[in-house]
Amino acid sequence: MNLGVSIGNTNTRCAIGTKEYNRQVLIPTDKICSPNDFINFLEGQFQEDIWGLIDGSIISSVVPAKTPAIMSALGEKLNTPPKLINLSELNVDFSGYKSKIGDDRAVCCSAAAIKYPLPIILIDLGTATTINVVDSGGVFLGGAILAGIQTGLLALTNHTAQLNLIDNFSNIKIIGTDTQKSLASGAIIGAACI
């Protein structure tokens, strides 16, 4: 069984699984400063001995500064170097994209192309919200990148005098009846209207 590691801007998602056993955890990416940090967080999150279950690992990363620590940790712990995502090995053609595409967008498109008929438009809600388009021939056409829900809220609250960060997204209505509910509505309904 392989350990999949997706190093994101906000969180690093680690997953192992089969049909019988499926487990994943999130580690705050900014807390990973060394190989030991990663191993300690990973073992603390899984709360079980996972190393006997894992044969190898694969890494997708949009945070190049964190990649070496995680690669080193996994290589040492598993006695085999982790595999990094290679765009040329995916089932979507990214060759026409004129700059480097993030691993997160590439993996999302590749997974969707396996699971759903093409053409397809994908919306991935993370630190950034990405909209990606793959044509009927499996060619990545491009897309859009905008602030994610939490990123947008942080920008609003950090750059305004009277708006405070919210953490309650329950009972959202289109028309908010106070400032907090209006912010929640704008964040969620706004993202849904993309």
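Visitor: What should I know before we start?

Guide: This is a predicted model, in which local features need pLDDT of at least 70, side-chain atom pairs count only at pLDDT 80 or more, and totals for chains, interfaces and linings use all residues. Residues are numbered from 1 along each chain as its sequence is written, and side-chain values use heavy atoms, with hydrogens and water left out.

Visitor: What makes up the protein, in helices and strands?

Guide: The protein has 5 helices and 8 strands. Starting at the N terminus, the order is β-β-β-α-β-α-β-α-β-β-β-α-α. The C-alpha trace spans about 55 × 45 × 35 Å along its principal axes.

Visitor: Why is Ser-110 called buried?

Guide: Buried means under 20% relative accessible area, exposed means over 50%, and partly exposed is in between, using a 1.4 Å probe and protein chains only. Ser-110 has 7% relative accessibility, so it counts as buried. This serine belongs to helix H3, residues 103-115. Of the 194 residues in the protein, 32% are buried.

Visitor: Why is Pro-64 called exposed, while Ile-149 is partly exposed?

Guide: Pro-64 is at 65% relative accessibility, over the 50% cut-off, so it counts as exposed. Its place is in the loop between strand S4 (56-61) and H2. Ile-149, in helix H4, has a relative accessible area of 25%, which lies between the two cut-offs, so partly exposed is the term. Leu-154, also placed in helix H4 (residues 149-158), is partly exposed too, at 34%.

Visitor: Which residues does Ile-149 contact beyond its sequence neighbours?

Guide: Apart from neighbours within four places, Ile-149 is in contact with Gly-126, Thr-129, Ala-187, Ile-188 and Ala-191. The C-alpha atoms of Ile-149 and Ile-188 are 7.1 Å apart, although 39 residues separate them along the chain.

Visitor: What makes H1 roughly perpendicular to H2?

Guide: Helix H1 (residues 35-46) and helix H2 (residues 67-78) pack at about 70°, with axes 8 Å apart. Angles of 65 to 115 degrees count as roughly perpendicular, under 35 as roughly parallel, over 145 as roughly antiparallel and the rest as oblique, so H1 is roughly perpendicular to H2. The axes are lines fitted to C-alpha atoms over the stretch in contact, and angles run from 0 to 180 degrees between N-to-C directions.

Visitor: What kinds of residues form that contact?

Guide: H1 contributes Pro-35, Phe-38, Ile-39 and Glu-43, and H2 contributes Ala-69, Ile-70, Ser-72, Ala-73, Leu-74 and Lys-77. They divide into 7 nonpolar, 1 polar and 2 charged. Ala, Val, Leu, Ile, Met, Phe, Trp, Tyr, Cys and Pro count as nonpolar, Asp, Glu, Lys and Arg as charged, and the others, Gly among them, as polar.

Notes
Helices (H or I, at least four residues) and strands (E, at least two) are DSSP runs, numbered from the N terminus. Contact means heavy atoms within 4.5 Å.
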